[in-house]
Amino acid sequence: MGWGETSAEDHFFFFSRRVHPMGGVSLFSFQCWLTYSSYKLVAISAPQPAPFQFLVPKPMCQGPPARRYVPFVRFPGDFTSGRGGCLCTLSWVADLGSLWKYSPASIYLSESTQPRAMDLLGLLKSQFLCHLVFCYVFIASGLIINTVQLFTLLLWPINKQLFRRINCRLSYCVSSQLVMLLEWWSGTECIIHTDPQAYPKYGKENAIVVLNHKFEIDFLCGWSLAERFGVLGGSKVLAKKELAYVPIIGWMWYFTEMVFCTRKWEQDRKTVSQSLLHLRDYPEKYFFLIHCEGTRFTEKKHQISMQVARAKGLPSLKYHLLPRTKGFAVTVRSLRNVVSAVYDCTLNFRNNENPTLLGVLNGKKYHADLYVRRIPLEEVPEDEDECSAWLHKLYQEKDAFQEEYYRTGTFPETPMVPPRRPWTLINWLFWASLLLYPFFRFLTNMISSGSSLTLASFVLVFFVASMGVRWMIGVTEIDKGSAYGNIDSKQKRND
């Protein structure tokens with residue numbers, strides 16, 4: 001074992017080295033205690049074999065950095081910070097063989113651009129009490145809005161379009177709270193890659209949005225897209241019928257004429273078509289979001305899906321399930337001449353992030369890329385069989401875009417970031433100011449009463465509310481998604 005240490009002004013660091021007796025595997029550990037500033041790790045890869053060059057800047061960038069050269073290759077690492085300083089521990093394991101040469105690979109410790117207050121904010125966002133506040137505001141406001149929506153039914157026989165416009169605004173009050181969590185609370189970034197000539201049309205026309213269905217928050221990214229272009233309140237979705245019974249969201253969707261399906265085509269053929277035809281005279285601009293895969297992507301579902309593809313003589317897909325074509329075909333047929341285009345949207349997240357709704361609630365920031373292609377509806381065939389073939393070809397193209405993303409880290413076309421609108425935050429602040437004061441006053445009075453029965457009742461309500469919120473979040477989890485296909489061969493042969 002070899003040891004070496006050096007120091008720079010206001011810094012102390014040391015390194016150790018262990019070499020495998022056979023000369024094959026080496027472990028290098030580097031620790032640095034920084035007493036005055038926060039630092040972040042930036043790693044640059046290099047071909048092996050290669051040494052590492054450490055640059056430790058002095059405080060306030062005074063003078064040249066201290067340097068230490070160490071001959072190792074790969075560098076996964078972990079960085080944690082704490083009060084009064086930062087402790088950074090990095091470990092590498094590299095197969096060097098008999099080679100021990102120098103090359104210019106480098107790792108840098110540089111001053112962090114994130115102020116230490118951000119750590120405290122991140123800690124605050126992860127606290128259950130904050131989650132309870134969000135959930136209370138969402139549930140209380142949602143039930144109030146559902147009640148108001150119930151009374152708006154009186155307007156339907158008198159003025160159907162007024163009923164629709166009112167429910168668009170009421171729907172926005174609910175769905176925008178979830179978008180607020182994504183955009184303002186977690187700070188998730190979504191870069192849109194699209195044709196600059198098509199971009200000005202977004203939000204100014206009705207469109208069918210075809211989005212891949214792989215992530216737990218893909219629906220939320222679809223809502224965020226609609227919000228950025230000002231059509232969230234009126235936007236629709238083709239959803240499974242079970243969601244209609246979910247309190248608040250499902251009930252809200254009922255009043256805004258969402259289209260529900262059982263995914264049993266003989267039952268859906270008539271009901272879905274009738275629901276879509278009702279949207280032909282809808283007074284607001286909308287995106288009609290449809291997940292043609294029908295359920296979220298998992299490896300097990302993908303294997304079953306590709307068995308169906310082989311049985312039907314269709315090309316295999318690597319990153320998508322085989323699309324269900326009948327729902328898309330009837331949507332295009334029912335909304336033709338009302339909807340101007342199909343927006344083919346392909347979503348992915350950088351650094352292999354696996355976003356969850358619970359992560360968003362914890363304030364975790366994700367980095368999304370969304371490739372949007374505008375395809376005029378005139379280019380989609382009217383014949384059902386030709387429309388089905390067109391959709392299969394579209395998903396082959398989507399698969400190629402995903403392949404390119406995993407290879408290059410980006411989608412084609414020009415990256416753009418639509419401005420984040422303040423209305424989602426304003427809406428949440430309005431409901432919070434309206435509902436939190438009476439809640440905390442009631443809570444204070446209940447605690448000050450000192451009654452054991454009252455406190456026990458509060459704990460029970462608190463527990464039930466927590467379980468209810470967890471259940472609602474669980475609806476979005478991938479492992480709770482519906483099954484794909486059936487082992488019965490007859491089901492496999494039917495779309």
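Me: A residue counts as buried when its relative accessible area is under 20%, as exposed when over 50%, and as partly exposed in between, using a 1.4 Å probe and the protein chains only. Why is serine 273 called buried?

Reply: The relative accessible area of serine 273 is 19%, and because the limit for buried is under 20%, serine 273 is called buried. This is a predicted model, in which local features need pLDDT of at least 70 and side-chain atom pairs count only at pLDDT 80 or more, while totals for chains, interfaces and linings use all residues. Residues are numbered from 1 along each chain as its sequence is written, and side-chain values use heavy atoms, with hydrogens and water left out.

Me: Where does serine 273 lie, and which residues is serine 273 in contact with?

Reply: Serine 273 belongs to helix α6, where helices are DSSP runs of H or I with at least four residues, strands are runs of E with at least two, and both are numbered from the N terminus. With neighbours within four places in sequence left aside, serine 273 is in contact (heavy atoms within 4.5 Å) with Asp268, Val330 and Ser334.

Me: Why is leucine 276 called buried?

Reply: Leucine 276 has a relative accessible area of 0%, which falls under the limit given above, and therefore leucine 276 is buried. Leucine 276 is also found in helix α6, which covers residues 265–277. Not counting residues up to four places away in sequence, leucine 276 touches Val259, Phe288, Val330, Thr331, Ser334 and Leu335. As for valine 259, this residue is 17 residues away from leucine 276 along the chain, while the two C-alpha atoms are separated by 7.0 Å.

Me: How do you know that cysteine 190 is in no disulfide?

Reply: A disulfide is a pair of cysteine sulfur atoms within 2.5 Å. By this rule the count is 0 disulfides, and for cysteine 190 the nearest cysteine sulfur, that of cysteine 221, is 5.5 Å away. Cysteine 190 is therefore in no disulfide, as 5.5 Å is not within 2.5 Å.

Me: Why are cysteine 190 and cysteine 261 called buried?

Reply: The relative accessible area is 16% for cysteine 190 and 11% for cysteine 261, and because buried means under 20%, cysteine 190 and cysteine 261 count as buried.

Me: What makes α4 mostly covered?

Reply: In α4, 11 of its 11 residues are buried, among them Asp218, Cys221, Trp223, Glu227 and Arg228. Just after α4 comes glycine 230, which takes a positive phi of about 75°.

Me: Which residues touch the most other members in the largest nonpolar core?

Reply: A nonpolar core is a set of buried Ala, Val, Leu, Ile, Met, Phe, Trp, Tyr and Cys residues joined through side-chain atoms within 4.5 Å. The largest such core has 62 residues, and Ile217, Trp223, Trp253, Phe287 and Tyr343 touch the most other members. Helix α3 gives the most to this core, with 10 residues, and a second, separate core of 36 residues includes Cys292, Leu322, Ala329 and Val339.

Me: Which residues is phenylalanine 287 in contact with?

Reply: Leaving aside neighbours within four places in sequence, the contacts of phenylalanine 287 include Gly203, Glu205, Val209, Leu225, Phe229, Lys236 and Tyr343. Tyr343 is itself one of the core residues that touch the most other members.
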